[in-house]
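Biologist: I would like to learn how to read a structure. Can we go through one together?

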Amino acid sequence: MTLEEFQNELRQGIPNPLPEPQPYDPTVNHAPKRKDILTPAEKKLAIRNALRYFDPKDHAMLAPEFAEELRLYGRIYMYRLRPTYKMYARPIEEYPAKCRQAAAIMLMIQNNLDPAVAQHPHELITYGGNGAVFQNWAQYRLVMKYLSEMTDEQTLVMYSGHPMGLYPSHKDAPRVVVTNGMMIPNYSKPDDWERYNALGVTQYGQMTAGSYMYIGPQGIVHGTTITVLNAARKLGGGTAGKLFITAVLGGMSGAQPKAGDIAGVVSITAEIRYAEALRPGLG
């Protein structure tokens, strides 16, 4: 794909006509099937919520496709809309943006979804099993379109991966205002979240996935180091000679062995998943 083709694809948002369905790619690390937690009526609502992004002429084609994704995976990811270009953070000058800040945000989003960075890239999960950049690929495409149009006197408002639109602001305002996982306390148990996520109305953006700022293990090294130091303090006698055993690092990648080195303890680190062991920064 040429640079011009890449830029045009970012600008177009949801293609018309829609791209052909893509085969499920077994070579990447995929999210596990989520709970089958919706009632039959709620499953219909989840499909209606997904269809809101599309021209009504495409609903008859997409509805059974989305129902099948919900049945197989517990979520509607809209795999059909996953871009075919390579996903990674390009030089900022390559992004088709009207302001530098918007180009930077586009770069950050693509970095979060880079298969070398993201835990489940095709499900738009960056780390932690649930830390989502977006809920589906339609949201990704629409956000990139909005960012390509944004001026430095506009703000993009995001609600759990859903772009609410571009609003007039000013040069000193945030270019993007983001909220994720907004839950009412009395309805915020894990199963409540699973239900609303399956319905397509909320997502868990973790701390940095849903705000596009994930930078790999560097982002958690400080907190992990403090945890190790405090554990040593509680045991008494400093860190020298103390043994720090950790395993199954997952999305936290190399933060734990690095934290052990900084704290001055002896670390034994085990990773049992080959895909995770290949993630950048694993100590």
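Biologist: Leaving aside its neighbours within four places in sequence, which residues is Gln-135 in contact with?

Modeller: Contact means heavy atoms within 4.5 Å. By that rule, Gln-135 is in contact with Ile-76, Tyr-77, Leu-124, Ser-160, Asn-197, Gly-200, Val-201, Thr-202 and Gln-203. A word on the source: this is a predicted model, where local features need pLDDT of at least 70 and side-chain atom pairs count only at pLDDT 80 or more, while totals for chains, interfaces and linings use all residues. Residues are numbered from 1 along each chain as its sequence is written, and side-chain values use heavy atoms, with hydrogens and water left out.

Biologist: Is Gln-135 buried or exposed?

Modeller: Buried means under 20% relative accessible area, exposed over 50%, and partly exposed in between (1.4 Å probe, protein chains only). Gln-135 has 10%, so it is buried. It lies in the loop between strand E2 (131-132) and H5. Helices (H or I, at least four residues) and strands (E, at least two) are DSSP runs, numbered from the N terminus.

Biologist: How do I read two packed helices, such as H1 and H5?

Modeller: Two packed helices are described by the angle between their axes and the distance between the axes. Axes are lines fitted to C-alpha atoms, for helices over the stretch in contact, and angles run from 0 to 180 degrees between N-to-C directions. Helix H1 (residues 3-12) and helix H5 (residues 137-149) pack at about 105°, with axes 6 Å apart. Angles under 35 degrees count as roughly parallel, over 145 as roughly antiparallel, 65 to 115 as roughly perpendicular and the rest as oblique. H1 and H5 are therefore roughly perpendicular.

Biologist: Which residues make the contact?

Modeller: H1 gives Glu-9, Leu-10, Arg-11 and Gln-12. H5 gives Tyr-140, Arg-141, Met-144, Lys-145 and Ser-148.

Biologist: Which residues of H3 are buried?

Modeller: They are Leu-62, Glu-65, Phe-66, Glu-69, Leu-70 and Tyr-73. They cover an arc of only 145° around the axis, which puts them on the same side of H3. The arc is that of the directions from the helix axis to the C-beta atoms. On the other side of H3, Ala-60 and Arg-71 are exposed. Helix H2 (40-51) and helix H6 (190-199) are among what covers the buried residues of H3.

Biologist: What is the phi of Met-78?

Modeller: Met-78 has a positive phi of about 60°, although it is not a glycine. Met-78 is buried, at 1% relative accessible area. Leu-124 also has a positive phi, near 60°. Leu-124 is buried, with 0%.
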